[in-house]
Amino acid sequence: MSSVIRYLARYLVLPGGDVVEHGALDVCDDRIVAVHRSMNHHQIIRDRESLANVVDLGDVALTPGGVNAHSHAFQRDLRGRTEWLHPDREDEDFWSWREAMYALALGFDAPAFEEVTRRCFLEMLHAGITCVGEFHYIHHQQGGTPYPEPNELAHRVIRAAKDVGIRISLLRVAYHRAGHGKPALSEQRRFIAPDLERCLFWQQSLFDRVQGDPLVKVGVAPHSIRAVPFKWFEALSSWAKTHDAPFHTHACEQQGEIEQSLQEYGKRPMEVFDDAGVFECSPVFVHATHLSDRELELIETGGGSVCACPTTERNLGDGFLPATKLLERGVRISLGSDSHAEIDLWQEMRLVEYHERLQKERRNVLASRAIMQKFFGDTLERYDVARVLWPMSNINGAKDLGWQDLGELREGFLADFVTVDLSKPAMWNVDRESLLSHLVFASHPGLVRDVFVGGKKVL
Ligand SMILES: [Zn+2]
């Protein structure tokens, strides 16, 4: 009668990074209904009558699915195509990369846009990512006129996600101008909302359309302090709060962006967000690579969180995430593959630590007593840096994307999980003690074997 399926695995990675051997996960429909920390043969036989099926996944680590909290799927097509210099122009940075990205953004018609998105999401599933936050900013036709259905491309993004089976939070981007006192550039014509009223109307209509879909949420994303005026930050954060929807914005990624903020407001971005009431809506700040001490304090006291994208930040030469300072203040960090120079959340995780090591010439920087006490109190005998990094790739991203019951193998949570093949060379000689560090420091997408979203096997 019951449709509970029991999955057995050599290891399970439980909340807090605890690893258990020969545990099991019971799944009914799209939920985890029980987590067994150990499971012997007798229990399986005893329970068999109440189970629809027992699946022994074998020599694998069963972990929560990865949550990729910041993606621009179409930028996947820039991969491998911007890693060169013209001999006459030897000064490449974010802003010149952006020109290539704009050219790409103008080229897609609707079906091509849907196809590149689908391909990107499929690669994510192969990399063990089961939920994506798509920061979606191409809205209009190639000439800049809205589609008859203004959310045409947003709906295509959602369709691409559903087609491959990945869970999605569509973060609909508000974009209005090139900068302070500067109207939108012609290259930005597909992104633009002409006024706040229409922006809110399109936002609301997309939000209303996805209600009731178990795999889809909609959030709001003013693109950046450059692209959106003050009043829009007030209105959009208030909208997010009223609708209990995620609010994301690019923040403090570039020195140039901070200079523009100082010019326009005489203040740094976080101070402007504070004035606009943005901290009322549990905002997620993407990048945050250039923060003053005052801004760190505002994020901490305002309950903001940070989505870091280290592989993209190093590809674009953005700068370093101030991970130690954020974690010492207890700020939650999630991860995104952003421009998709590569798609590998394990890599994103370990870079958060490795970038600190390279700058400080120390090891295990993020396992400091101050940070471990902040997140784990006195519960641990040993300070594994992997425990600090692990939630960044799953539960933290889930919270940032508005999924309160996702990102851990926990009773009552959504059944999004993956298996990592431990028979592969990269995992030879792994044991229970070292499993979490193996995953964080040595795993890669090629080790992912099975992928489940909402209890359904999608790979
Ligand atoms: Zn981005």
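This is a predicted model: local features need pLDDT of at least 70, side-chain atom pairs count only at pLDDT 80 or more; totals for chains, interfaces and linings use all residues.
In the hairpin formed by E2 and E3, two residues lie between the strands, and Asp-29 takes a positive phi near 55°.

Strand E1 (residues 5-13) and E2 run antiparallel and are joined by eight bridges, and Leu-8 finds its bridge partner in E2 at Ala-24.

Domain 1 is made up of residues 5-64 together with 407-457, while domain 2 covers 66-400. The centres of domain 1 and domain 2, taken over C-alpha atoms, are separated by 30 Å, and 28 residues of domain 1 are in contact with 28 residues of domain 2.

Within helix H16 (residues 432-442) the reader finds His-438. His-438 counts as buried because its relative accessible area is 18%, which is under the 20% that sets the limit for a buried residue. Leaving out residues up to four places away in sequence, His-438 touches Ala-426, Met-427, Trp-428, Asn-429, Val-430 and Ser-443.

An open sheet of four strands, with parallel pairing, has the order E6-E7-E8-E11. Strand E6 (66-71) and strand E11 (216-222) each have a single partner strand, so one side of each is left without a neighbour in the sheet, and these two strands stand at the edges. From one strand to the next, the twist averages 15°. Seven bridges pair strand E8 (residues 167-174) with E11 in the parallel sense, and Arg-172 has Val-220 in E11 as its bridge partner. Helix H5 (residues 196-210) lies across E8 and E11, running at about 165° to E11. Helix H6 (residues 230-243) also packs on the sheet, where it touches E8 and E11, and its direction makes about 160° with that of E11.

A second open sheet of four strands, again with parallel pairing, has the order E12-E13-E14-E15. Its edge strands are E12 and E15, each of which pairs on one side only. Neighbouring strands of this sheet are turned by 30° against each other on average, direction ignored. Between E12 and strand E13 (residues 284-287), which run parallel, there are four bridges, and His-248 stands opposite Val-284 in E13.

The zinc ion has as its protein donors His-70 (NE2), His-72 (NE2), His-250 (NE2) and Asp-338 (OD), which lie 2.1 to 2.8 Å from it. In sequence these donor residues are spaced H-x1-H-x177-H-x87-D. The site of the zinc ion is irregular, with angles of 80 to 174° among its four donor atoms. For comparison, the ideal angle for four tetrahedral donors at a metal is 109.5 degrees.

Cys-252 is found in the loop between E12 and helix H7 (255-265). Cys-252 is buried, with a relative accessible area of 0%. Apart from its neighbours within four places in sequence, Cys-252 is in contact with Glu-257, Ile-258, Pro-269, Met-270, Ala-288, Thr-289, His-290, Leu-291 and Glu-295. Between Cys-252 and Gly-446 there are 33 Å in space, C-alpha to C-alpha, and the two are 194 residues apart in sequence.

Definitions and conventions
Residues are numbered from 1 along each chain as its sequence is written. Side-chain values use heavy atoms; hydrogens and water are left out. Donors are N, O and S atoms within 2.8 Å of the metal (3.2 Å for Na, K and Ca); water is not among the atoms, so sites may look incomplete. Four donors count as tetrahedral if all angles lie between 85 and 135 degrees; four count as square planar and six as octahedral if opposite donors are over 155 degrees apart and all others between 65 and 115; anything else is irregular. Buried means under 20% relative accessible area, exposed over 50%, partly exposed in between (1.4 Å probe, protein chains only). Contact means heavy atoms within 4.5 Å. Two strands pair if DSSP finds at least two bridges between them. Axes are lines fitted to C-alpha atoms, for helices over the stretch in contact, and angles run from 0 to 180 degrees between N-to-C directions. Domain bounds come from an automatic or database domain assignment.
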